[in-house]
Amino acid sequence: MTERDWDALGRQVTQWIKEAGAQLRASLSTPLEISEKSAHNDLVTNMDRHIEKFLIGKIRAAYPEDRIVSEEGFGDGAVDTKGVLWLLDPIDGTLNFVMQKRFFAVSIGIYEEGEGRAAFIYDVMADELFHCICGRGAYQNTKKLAALTSVTIEDSLIDLSATWLKPNRLIHEEIMTEIVKRCSGTRAYGAASLELAYVAAGYLDAYFTMRLSPWDYGAGLILLREVGGSYSRAEGQPLNILSKTSVLAARPGLHHFIAEHVCKQVQGGRFIRELDGGHNH
Ligand code: IPD
Ligand code: CA
Ligand code: CA
């Protein structure tokens with residue numbers, strides 16, 4: 001296999017993702033076809049499908065050997081991480097897309113033999129692209145993101161998906177209480193890729209959620225690692241990039257602090273289980 005020109009790929013993907021963004025912005029002035037998937041808050045629109053097909057068409061034409069794992073089912077699916085794998089979410093934050101018409105993203109993470117190589121997360125309405133080619137630094141549009149430094153729990157702003165609190169029998173409802181009480185504040189934006197990009201950009205200090213799929217976190221984790229951030233499953237165990245999994249992503253020291261907190265809670269009898277079905281925002 002010849003070495004890929006990642007800079008050329010970066011330029012191509014930037015063009016495709018911005019084109020997708022323009023189509024999404026235009027779609028907001030026409031009626032959307034909306035349907036429910038697994039629950040009333042698990043929505044899919046005609047635009048989720050359209051954008052996924054559009055991007056897959058571009059990827060397949062340019063990189064026919066690569067495999068694609070994508071949310072709406074037009075990709076290849078993948079059981080292993082061999083070769084080049086694209087993790088694609090055509091609209092991350094569909095509930096925001098439908099209800100707020102803002103704060104949603106197109107997310108593309110590219111892995112080679114299981115290693116992150118490039119990431120693109122496009123906040124469509126803000127026209128803000130978080131991106132990196134691994135080893136060359138991460139960017140928010142043209143601004144280079146700084147390497148992440150540590151922060152105390154007291155000085156941190158933590159993004160908690162409501163999955164930790166909902167009565168879903170997966171996590172004891174008290175498990176994050178101490179973290180919530182001690183930190184400076186909590187946030188939840190409803191688009192995992194952007195929330196991960198915000199941790200990478202230093203706008204948030206940590207992000208914690210009980211269930212994400214590969215297309216939700218694929219790009220965000222690559223971006224985060226590029227700036228020295230840490231990630232794992234909720235209780236600190238390594239994360240398999242093809243799994244539906246809990247995700248804890250944070251500045252380096254804070255990541256250890258929260259993972260240790262979760263472990264202690266579990267040892268003290270407060271349970272935590274990985275979600276493997278249904279839908280829970
Ligand atoms: C969802 C969002 C949300 C997260 C859900 C995801 P979707 O993605 O990222 O923030 O909490 O778990 O499924 O369905 O809008 O692409
Ligand atoms: Ca998503
Ligand atoms: Ca989606």
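Let's start with the ligand. Ligand 1 is surrounded by 15 residues, and the closest are D92, G93, T94, G190 and A192. Keep in mind that this is a predicted model.

Now the make-up of that shell. It divides into 6 charged, 5 polar and 4 nonpolar residues. Both domains take part: domain 1 (6-144) and domain 2 (153-280) each supply at least three residues.

The side chain of D92 has an N or O atom 2.7 Å from an oxygen atom of ligand 1. At A191, a backbone N or O atom sits 3.2 Å from an oxygen atom of the ligand. At R211, a backbone N or O atom is 3.4 Å from an oxygen atom of ligand 1.

How much of ligand 1 does the protein cover? On its own, the ligand has 380 Å² of accessible area, and the protein covers 95% of that.

Which elements give two or more residues to the shell? They are β4 (84-92), α5 (192-200) and β12 (206-212). Of these, β4 gives the most, with 3 residues.

On to D216. Look at helix α6, residues 214-226; D216 is in it. Is D216 buried or exposed? Its relative accessibility is 11%, so D216 counts as buried; the cut-off for buried is under 20%.

What does D216 touch, beyond residues up to four places away in sequence? The list is D89, D92, A192, S193 and L196. In sequence, S193 and D216 are 23 residues apart; in space, their C-alpha atoms are 5.7 Å apart. The D216 side chain also reaches the backbone nitrogen of S213, at 2.7 Å.

You will find T45 in strand β2, residues 43-45. T45 counts as buried because its relative accessibility is 0%. A polar atom of the T45 side chain lies 3.0 Å from the backbone nitrogen of M47.

What is T45 in contact with, leaving aside neighbours within four places in sequence? The contacts are L32, E33, I34, I91, T94, F97 and V98. Note T94 in that list.

To recap. The ligand shell draws on domain 1 and domain 2. T45 is in contact with T94, among others.

How values were computed
Residues are numbered from 1 along each chain as its sequence is written. Chains are lettered from A and ligands numbered from 1 in the order in which they are written. This is a predicted model: local features need pLDDT of at least 70, side-chain atom pairs count only at pLDDT 80 or more; totals for chains, interfaces and linings use all residues. Side-chain values use heavy atoms; hydrogens and water are left out. Helices (H or I, at least four residues) and strands (E, at least two) are DSSP runs, numbered from the N terminus. Buried means under 20% relative accessible area, exposed over 50%, partly exposed in between (1.4 Å probe, protein chains only). Contact means heavy atoms within 4.5 Å. A polar contact is a pair of N or O atoms within 3.5 Å; within protein, one must be able to donate a hydrogen and the other to accept it, and residues adjacent in sequence count only if both atoms are side-chain atoms. A residue is near a molecule or strand if one of its heavy atoms lies within 4 Å of it. Accessible areas come from the Shrake-Rupley method with a 1.4 Å probe; for residues, only the protein chains shown count as cover. Ala, Val, Leu, Ile, Met, Phe, Trp, Tyr, Cys and Pro count as nonpolar, Asp, Glu, Lys and Arg as charged, and the others, Gly among them, as polar. Domain bounds come from an automatic or database domain assignment.
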